[in-house]
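Subject: Structure handover and notes

Dear colleague,

I am passing on the structure we spoke about, together with my notes on it. Please have it open while you read.

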Amino acid sequence: MRATMLGRLILALALSLVVSGSALAAGETLMMATTTSTDDTGLLPVLGEAFKKDTGIELKWVAVGTGKALEHGKNCDVDVLLVHAPAAEKKFVEDGNGTKRTEVMFNDFIIVGPASDPAKIKGKKAGEALAAIAAAKAPFISRGDDSGTHKMEQSLWKGAEIALPDKESWYVSAGQGMMATLNMAGERKGYTLVDRGTYISYEDQAKGKPALVVLVEGDKPLLNQYSVIPVNPAKCEKVKIKQAQIFSDWLASPKGQKVVGDFTVKGKKLFTPNAAK
Amino acid sequence: MNYILDGLRQALELLLGGDPATFSAVWTTLLVTLEAMAATLVLGAPAGFLLGYADFPGKRAARLAVETFLSFPTVVIGLVVYAFISRRGPLGELGLLFTVPGMAVGLTILGLPIVIALTAQAVENLDPRLRPTLLTLGAGPRQVFFATLGEARFGLLLAATAAFGRIFSEIGISMMLGGNIKWSTRTITTAIALETGKGEFATGIALGIVLMIIAFAVNLAASAFRRRSAA
């Protein structure tokens with residue numbers, strides 16, 4: 001008697017799990033994996049709303065590091081990616097995990113540090129600045145989480161022809177998000193590489209007395225290109241390729257590009273739309 | 001320093017002002033906790049009772065295994081369940097990843113060892129004279145079983161409260177399996193992580209206070225139940 005009741009309960013529970021799971025999968029929704037920088041700046045909610053208004057498709061997203069976003073794509077767990085690590089993206093598409101990479105916008109990175117600037121990097125080019133930091137053994141806080149920002153930092157060290165100072169005591173691998181890394185750099189009077197969007201939020205919260213100031217900006221290697229990649233249905237049969245393609249086309253269209261260009265944080269523009277016409 | 005005061009003020013605003021995003025996160029948290037608690041108790045309480053009540057070969061090994069699973073790190077639970085319910089995983093067909101039931105599966109695995117271990121402990125700690133007393137009073141095995149079950153109810157309540165505390169405030173599993181999707185799988189704890197990531201510390205603290213208020217209400221209800229049934 002008791003056992004059958006228990007069995008029925010378990011069955012009912014299992015059924016409800018399956019039903020509610022598949023109910024969520026139905027309907028016109030699109031699942032995207034993207035990077036924390038787009039979510040933290042508030043661009044995504046704006047983008048999602050405009051996209052729904054134009055196409056009726058609801059955009060859902062998980063915001064993770066670029067490395068994990070690509071992994072979600074490989075595992076067929078999302079339909080589309082919006083990421084910023086060109087080399088890794090090209091490999092992703094070459095390996096057949098994505099159909100096509102469409103460049104849609106860029107923002108830029110800056111190197112920030114204490115106003116006292118112990119390594120004297122102000123106004124230098126990115127590579128020279130890193131060399132100066134290494135020479136002065138000034139604290140440098142790295143994201144250390146395989147995110148797009150971390151990959152950008154690694155490529156800057158490489159561009160400056162300096163071996164990644166992974167084992168040096170002045171090089172701190174935080175393994176955290178951008179804002180947490182900035183706060184750590186502020187507390188330790190160190191330098192770090194940051195996307196401008198997160199820095200604007202940081203500066204705003206510091207209410208006029210940020211512990212870190214912009215020291216290096218505008219250098220070409222510091223530009224950060226974002227691309228959209230639909231996940232390849234040849235590898236992932238469940239992927240919603242139709243909706244993913246609509247999103248990719250929409251973001252590259254004048255409509256989507258305008259949403260990106262008009263987006264501001266605390267009155268400052270963050271992303272520059274640059275999809276090929 | 002002002003974060004804490006700002007957070008307190010904001011917590012009241014979020015709750016009293018009926019902020020829809022906050023209520024969505026509260027609702028998701030309650031829903032996933034309810035699903036996980038139901039599964040944990042349905043599976044864990046009988047298993048724990050059996051482990052404490054019955055004698056069987058391999059009992060000590062089973063105990064040891066359950067107690068070891070108490071220290072299973074939540075990110076590893078998240079990772080293992082992710083591997084199973086990812087589209088590429090063996091249970092991928094169910095489409096559970098990034099859904100509330102998917103999170104509930106992970107949280108159930110978190111709660112199970114707690115309920116099993118504490119229930120078994122409670123049954124074992126019952127007055128050893130209970131069984132002989134019942135037997136001399138002429139009780140059948142069935143009656144002994146149910147009497148033991150009745151006596152162990154406080155232990156079970158304690159187990160449920162402990163599991164609730166863990167499941168309700170969990171973040172690693174929820175983040176990994178739910179994905180922190182707004183209006184869908186964003187819980188109070190993953191929302192706190194997001195707000196902290198954005199540098200909105202006061203909002204993070206506000207949500208933490210919201211979480212504590214709900215936890216307080218649940219524990220208050222549990223303790224009221226305990227007092228009433230003890231009287």
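Predicted model: local features only at pLDDT ≥ 70, side-chain atom pairs only at ≥ 80, totals over all residues.

Chain A has eleven helices and twelve strands, whereas chain B has eleven helices and zero strands, so read along its sequence chain B gives the pattern α-α-α-α-α-α-α-α-α-α-α. Of the 277 residues of chain A, 45% count as buried, and of the 231 residues of chain B the figure is 43%. If one takes the contacts between residues at least 6 apart in sequence, 76% of those in chain A join residues at least 24 apart, and for chain B the corresponding value is 77%. The C-alpha trace of chain B spans about 65 × 50 × 30 Å along its principal axes.

What the UniProt record says about chain B

UniProt, in an unreviewed entry, lists residues 26-222 of chain B as "domain: ABC transmembrane type-1". In the model that span is 76% helix and 0% strand, and its end C-alpha atoms lie 20 Å apart. The unreviewed entry in UniProt also places the feature "transmembrane region" at several stretches of chain B, including residues 25-52 and 144-168. Over residues 25-52 of chain B the model is 100% helix and 0% strand, with 38 Å between the end C-alpha atoms, while over residues 144-168 of chain B it is 96% helix and 0% strand, with the end C-alpha atoms 35 Å apart.

The nonpolar cores

The largest nonpolar core has 83 residues, and those with the most contacts inside it are Met32(A), Val80(A), Leu81(A) and Val115(B). The largest share of this core, 16 residues, comes from helix 5 of chain B, which covers residues 100-124. A second, separate core has 29 residues, among them Ala119(A), Leu193(A), Tyr199(A) and Leu222(A). Returning to Val115(B), and leaving aside its neighbours within four places in sequence, this residue is in contact with Thr40(B), Leu41(B), Gly44(B), Ala45(B), Gly48(B), Ala159(B), Ala160(B) and Ala163(B).

Two helix pairs in chain B

The axes of helix 2 (residues 20-53) and helix 8 (residues 153-168) of chain B come within 10 Å and cross at roughly 140°, which makes helix 2 of chain B oblique to helix 8 of chain B, since only angles over 145 degrees would count as roughly antiparallel. The crossing of these two helices is right-handed.

Single residues to look at

Which residues other than glycine have a positive phi? One of them is Asp117(A), with a phi of about 45°, in the loop between strand 4 (102-113) and helix 6 (126-136) of chain A. Asp117(A) is partly exposed, because 16 other C-beta atoms lie within 10 Å and a buried residue would need 20 or more. Another is Phe98(B), with phi near 65°, in the loop between helix 4 (74-85) and helix 5 of chain B; Phe98(B) counts as buried because it has 28 C-beta neighbours inside 10 Å.

Leu134(B), in helix 6 (residues 130-136) of chain B, is 36 residues from Phe98(B) in sequence and 51 Å from it in space, C-alpha to C-alpha. Leu134(B) is partly exposed, with 17 other C-beta atoms within 10 Å, and, not counting residues up to four places away in sequence, Leu134(B) touches Ala139(B), Gln143(B), Val144(B) and Ala147(B).

With best wishes

Methods
Residues numbered from 1 in each chain as written. Chains lettered and ligands numbered in written order. Core = buried A, V, L, I, M, F, W, Y, C linked by C-beta atoms within 7 Å. Buried ≥ 20, exposed ≤ 12 C-beta atoms within 10 Å, placed from the backbone. Helix = DSSP H or I, 4+ residues; strand = E, 2+ residues; numbered from the N terminus. Contact = placed C-beta atoms within 7 Å. UniProt positions renumbered as here; feature names shortened; annotations may be inferred. Axes fitted to C-alpha atoms, helices over the stretch in contact; angles between N-to-C directions. Parallel < 35°, antiparallel > 145°, perpendicular 65-115°, else oblique. Left-handed = near helix turned anticlockwise from the far one by under 90°.
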